[in-house]
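Q: I would like to learn how to read a ligand shell and a sheet. Can we work through a case?

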Amino acid sequence: MHHEEYENKAIAMPIDDAIGVAAVVARSVDWHGLCTVPGGERNLPRFGAGTHRSVHGLRADRPEPTCEETSMANATLTISSKNYSSWSLRGWLLVKFSGMPFEEVAMPADDPGARAELLLLSPSILVPCLFHDGIKVWDTLAIAEYLNEVCPDAGLLPRERAERAHCRAICGEMHSGFAALRSALPMNLKAHFPGFKVWARAQTDIERIVTIWHECLAQYGGPYLFGERTCADAMFAPVVTRFVTYDVKLDADIVAYGERILAMPEMRQWIADAQREAEEIDELDIEF
Ligand SMILES: N[C@@H](CCC(=O)N[C@@H](CS)C(=O)NCC(=O)O)C(=O)O
């Protein structure tokens, strides 16, 4: 089932779909008191308390903690399947790149109730969602910008203004574009499809991405898109995995960039965790 269809289904409030019901309920009820995530109570904020401090002006009472002052006790990232969820991978890499200690809370695939409760914590009813110091940030680009503010020395964005603009532009392209690639070649780290036939519109997306990478590598000299690692490498990391999964034919420089991404310790850790994920979920065998 396609992701957009899934969202539509949620809005229709099906009685046999706990997450769908949760999504509808989440859009229509007061948030206060809904957060009772098993095992997640320590880090995940209760709505009406910490998350609303800024609204009530209480944040001014104390300085905002820096990246270094953050502990795992006050930073949490909700994610879903490590095999299938490309947005979870992006969000997770961004927090890893930032250096901020955090606890990851994965939505259990086999417990619709717990999944629904975790999704309810995110106003978009999507993952990833970052909770830090009583602040919640959903949507991957917003997470990147937030982390760049809290952890300015991590280099999530390039130091030069023109490079930052370029970086933001290609991250934006990834965030809002490449629909054909995303639906035809969904992330699936455990799978491999030698000789996969890529249809024309997805091929157009692939060619645009390859152009973006070539331009960045030529302009900034590699080894990553903007020299050092930035949020752009996190945004495109799931594409690297798709190129491998679907046996996409690429030139040597692009293959080398992909290998560099896959060799990052963070990627190796994520892929190893994905390999250990027990469930094979037919319904999730799509871009989501
Ligand atoms: N534009 C969003 C996309 C997030 C998204 O589509 N997340 C998917 C997972 S990859 C999701 O939460 N789907 C609902 C579910 O997993 O139950 C972002 O940038 O974070």
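Q: Which element gives the largest share of the shell around the ligand?
A: The largest share, three residues, comes from helix H3. A residue belongs to the shell if its C-beta atom, placed from the backbone, lies within 6 Å of the molecule. Helices (H or I, at least four residues) and strands (E, at least two) are DSSP runs, numbered from the N terminus. This is a predicted model: local features need pLDDT of at least 70, side-chain atom pairs count only at pLDDT 80 or more, and totals for chains, interfaces and linings use all residues. Residues are numbered from 1 along each chain as its sequence is written.

Q: How many residues surround the ligand, and which are the closest?
A: The ligand is surrounded by 15 residues, the closest being Ser85, Trp87, Leu126, Val127 and Thr140. Helix H3 (86-98) and helix H5 (140-150) are the elements that give two or more residues to this shell.

Q: How do I read the order of a sheet?
A: Strands of a sheet pair through backbone hydrogen bonds, either parallel or antiparallel. Two strands count as paired if DSSP finds at least two bridges between them. Here four strands form an open sheet with mixed pairing, in the order S2-S1-S3-S4. Strand S2 (103-106) and strand S4 (135-138) are the edge strands, each pairing on one side only.

Q: How many bridges join S3 to S4?
A: Four bridges join strand S3 (residues 129-132) to S4, and the two run antiparallel. Cys129 stands opposite Trp138 in S4.
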